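What follows is a walk through one structure, from its domains to a metal site and then to some local details. Please keep the sequence and the coordinates at hand while reading.

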Amino acid sequence: MKELITLGEFVIQQQHKHAAATGDLSQIFGAIRLASKLVHREINKAGIADITGAAGLENIQGEQQQKLDVYANEKFKAALAARGLVCGIASEEEEHFVEFDHELNKGSKYVVLIDPVDGSSNIDVNVAVGTIFSIYKRKSAADGPVELDDFLQPGTEQVAAGYVIFGTSTMLVYTTGDGVNGFTFDPSIGVFYLSHPDMQAPESGNIYSVNEGNYIHFHDGVKRYIKYCQEYDPATNRPYTSRYIGSLVADFHRNLLKGGIYFYPSYANNPNGKLRLLYECNPIAWLAEQAGGRATDGNGTRILDIKPTELHQRTPFFVGSVSMMDDVERFMVQERARLERMAELA
Ligand code: AHM
Ligand code: MG
């Protein structure tokens, strides 16, 4: 008989494995779970309730904010502020971090970084979007105000990270450094059930996910890798198949289950690509590693080792099955070596 266990119960069980368990994480997860259910409800009535469409505001990156972004941002903030364990959040939708300075939040030990609705250009066309979150212990003294440096920690310092995918069903996938587990939401009773215990990224795969519209602007190493993906070689299962939703959570989730690679390299005038280190890359990178995959900037640097210098920092991002990551990095290294040789000859 398949065991029935809810997200709430699972988080508590996991905490009991650790001697120093305080119950803090289960309360923070309570907030994330609650806000996720509210977003699920809004997304599922998007077509009828006039919540889609731009809200008329631009976010800090100059992109049009969608109404659902605003809604989700407010709900996650409100739910996290109400638990008294979190002293502040940083959100992709806000220019500055937000301090929770109510009596309840005084002395709180954690900060949360969140992308409330990632892939938001997909909302209006009924395509999957996601919420991405990560939780850190603050570095500043618990009795003082939360500081920018509390949010600028490398991904190795995450104490929990995960995403909620609002797809054909809603799922929450998370890690606390002890593997990756996935929970599927049953909307009829409002409960997330453990549906994907101990998720493992296949060691290899045959899916590559990249916005090929940017192809001509990519580094030659990336271009060569894309051509490699397209070449015929039955021994290595090529040509691979190209799948790109334009919603990081959905693209990553599919590749995690089936085996694949996602990359958003630097292009044209964007030397750091598009994705945000703190809100998108760090949590996804940690999940990938915890599931047996890898994540780098494509230039040999592990994403989790990058020391952030600003909240909305971007980084080129390569994530996926280990053997595919090895391949793409080999192409990048070869290309760099070729350029160096050419520079020496010049
Ligand atoms: P967003 O946070 O503004 O939604 O942007 C992030 C999204 C990712 O989910 C997705 O992988 C990427 O942007 C798609 O970008 P593009 O349309 O340039 O391919
Ligand atoms: Mg985003």
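Between domain 1 and domain 2 there are 11 residue pairs in polar contact, with both residues at pLDDT 80 or more; a polar contact is a pair of N or O atoms within 3.5 Å, where within protein one must be able to donate a hydrogen and the other to accept it, and residues adjacent in sequence count only if both atoms are side-chain atoms. This is a predicted model, in which local features need pLDDT of at least 70, side-chain atom pairs count only at pLDDT 80 or more, and totals for chains, interfaces and linings use all residues. Residues are numbered from 1 along each chain as its sequence is written, chains are lettered from A and ligands numbered from 1 in the order in which they are written, and side-chain values use heavy atoms, with hydrogens and water left out.

The side of domain 1 that touches domain 2 takes two or more residues from each of S3 (86-91), S5 (110-118), S6 (129-137), H4 (148-151), S7 (158-166) and S8 (170-175). Here helices (H or I, at least four residues) and strands (E, at least two) are DSSP runs, numbered from the N terminus. Strand S7 gives the largest share of that side, eight residues. By type, the residues of this side are 25 nonpolar, 17 polar and seven charged, where Ala, Val, Leu, Ile, Met, Phe, Trp, Tyr, Cys and Pro count as nonpolar, Asp, Glu, Lys and Arg as charged, and the others, Gly among them, as polar.

The domains themselves span 7-196 for domain 1 and 207-345 for domain 2, with bounds from an automatic or database domain assignment. Their centres, taken over C-alpha atoms, are 25 Å apart. In all, 49 residues of domain 1 are in contact with 33 residues of domain 2, contact meaning heavy atoms within 4.5 Å. About 2900 Å² is buried between the two, and carbon and sulfur atoms give 65% of this area; buried area is the accessible area (1.4 Å probe) that two parts lose on being put together, summed over both.

One salt bridge is counted between the domains, a salt bridge being a side-chain nitrogen of Lys or Arg within 4 Å of a carboxyl oxygen of Asp or Glu. Glu92 forms a salt bridge with Arg276, with 3.6 Å between the closest N and O atoms. The structure holds 20 salt bridges. Glu92 lies in the loop between S3 and S4 and Arg276 in the loop between S13 (261-264) and H7, so this pair ties together parts 184 residues apart in sequence.

Glu92 also has a part in the metal site. The magnesium ion (ligand 2) is coordinated by Glu92 (OE), Asp115 (OD), Asp118 (OD) and Glu280 (OE), at 1.9 to 2.6 Å. Donors are N, O and S atoms within 2.8 Å of the metal (3.2 Å for Na, K and Ca); water is not among the atoms, so sites may look incomplete. The donor residues follow the spacing E-x22-D-x2-D-x161-E in sequence. Glu92 and Glu280, the latter in helix H7 (residues 277-290), are 188 residues apart.

Some local details remain. Thr184 is in strand S9 (residues 180-186), and its side chain makes a polar contact with the side chain of Ser195 (2.5 Å). The peptide bond from Arg238 to Pro239 is cis, with omega near 10°.
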